[in-house]
Amino acid sequence: MTRHRGFALLGALVAVVALVCGVIITGYGLLDSGGSRADAGGSGGPSEDSGTRGRTPVGTAAPASADNWTGTWAAAPSGAEPGSPVGHPGRSIRNVVHTSIGGTSVRITLSNLYSPTPLLIGGASVAVGQGGGGPEAVAGTMRQLTFGRRPAVTVPPHGQLVSDPVALRVPYAGDLLVTLHTPRAGGPVTYHRHALQTSYLADGDRTRDLGAGAYTPSRRVWRYLTAVDVLNREAPGAVVAFGDSITDGVGSGYDANRRWPDALAARLRDRHIGVLNEGIGGNRVLSDASALRNGASGLDRFQRDVLDRAGAKVVVIDLGINDILRGRETDPARITAGLRELAQRARARGLRVIGSTLTPFGAHRWHNATTESVRDRVNEEIRAGRVFDEVVDFDKAVRDPYAPDRIRPVYDSGDGLHPSEAGYRVMARYLSPRLLAERAPALL
């Protein structure tokens, strides 16, 4: 072989190697962007082997969403806790939350949304609970949480932050204990009002306590904690339930996890799909009700509570009853326009949108001919397919066939508005896995 031909062959080989490397790199980029499709605009948090690359900055309002992370639990901030104008200085707050899916690592999101004062977290921990809604931790599972590798952090006024990930075998359908020590006054407590779950308080820094000795039962609320995400390589994503007190589970038992999103989570568990409950009792589509501790309007909070949630792929929207009953809205077109805007925002971020018809409230004290007419007309628009991608007919699921403006007695919690636990179970059955994934195989 001549020297000239040898150089030509070497050049060809180099070109082939470069081409193959380019294909590999390009393919990896496509997989990466596909995995984070629903998190466009997010912070791009760490994966198992990424070290500190892409960690959500401490003290910012950046979303918790990131590649490989999926939400297992969430609760929307509904307002400032009454009777706690300076927080719980010098105490430890132990929040008990129930997971939908498990994972190998965990991280949390804390919110100071309703306080004009910085919130100092002196220490924080996460552990697997022994179950039953109690404050006792399983031995060997207590993990200290850090924020930017620091054990203490300040959450800015009206802001939120995400912890560093910590390795922990998180169970499916199990309790997690998230404990926060607040050494000094921090302004009003950002909380979730209708937790239906007992939280606990202790004097001093008790973030590492496994036992319940120092803790006393507190109110059935969640304080500061708004999301728990897990690292789960089998999880294709999460379903976000976005609604009012019916999504929040009012009418179901305390410390029982029997809301309709809980029943849905049980159906999806074998598919490793997370279910996030972003319901707020009293919440409305159109108007803010934060002063009543019923949360910002659906239009205002949708970005924070749905689009920024880790791994969100599908949203189920069940909202509008309180616009009729509490907001005194008599124009159904305004409500459906608001719902349609929520659907458009979700689609723009790649989420599949399923909307619910509004359930009956004929036996409720605020029912009259006008409110019933508005509900009927909103439902007509939803059923006609002019609002959402798909419709789940919760109205049909729980209504009395002999009195369609009322909840069937066996499905009524007793107030004529909120379903019973049996009602919530039948609602979850109406929302089938096939409906969640139909014509959208890339999403779930």
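In strand β16, V228 is the bridge partner of I108. The structure described here is a predicted model, in which local features require pLDDT of at least 70 and side-chain atom pairs count only at pLDDT 80 or more, whereas totals for chains, interfaces and linings use all residues. Residues are numbered from 1 along each chain as its sequence is written, and side-chain values rest on heavy atoms, with hydrogens and water left out.

Strands are DSSP runs of E with at least two residues, numbered from the N terminus, and two of them are taken to pair if DSSP finds at least two bridges between them. Strand β4 (residues 103–111) and strand β16 (residues 225–231) pair in the antiparallel sense over six bridges. Strand β4 is also joined by three bridges to strand β10 (residues 166–170), again in an antiparallel arrangement; here S105 stands opposite A167. A further three bridges connect β4 with strand β9 (residues 160–162), likewise antiparallel, and T109 faces V162 of β9. Eight of the nine residues of β4 are buried, so this strand is largely enclosed by the rest of the structure; buried denotes under 20% relative accessible area, calculated with a 1.4 Å probe on protein chains only.

A separate description applies to an open sheet of three strands, which has the order β2-β12-β15 and antiparallel pairing. Its edge strands are β2 (79–80) and β15 (222–223), each of which pairs on one side only. Two bridges link β12 (residues 190–192) to β15 in the antiparallel sense, and R223 in β15 is the bridge partner of Y191.

Terms used. Helices (H or I, at least four residues) and strands (E, at least two) are DSSP runs, numbered from the N terminus. Buried means under 20% relative accessible area, exposed over 50%, partly exposed in between (1.4 Å probe, protein chains only).
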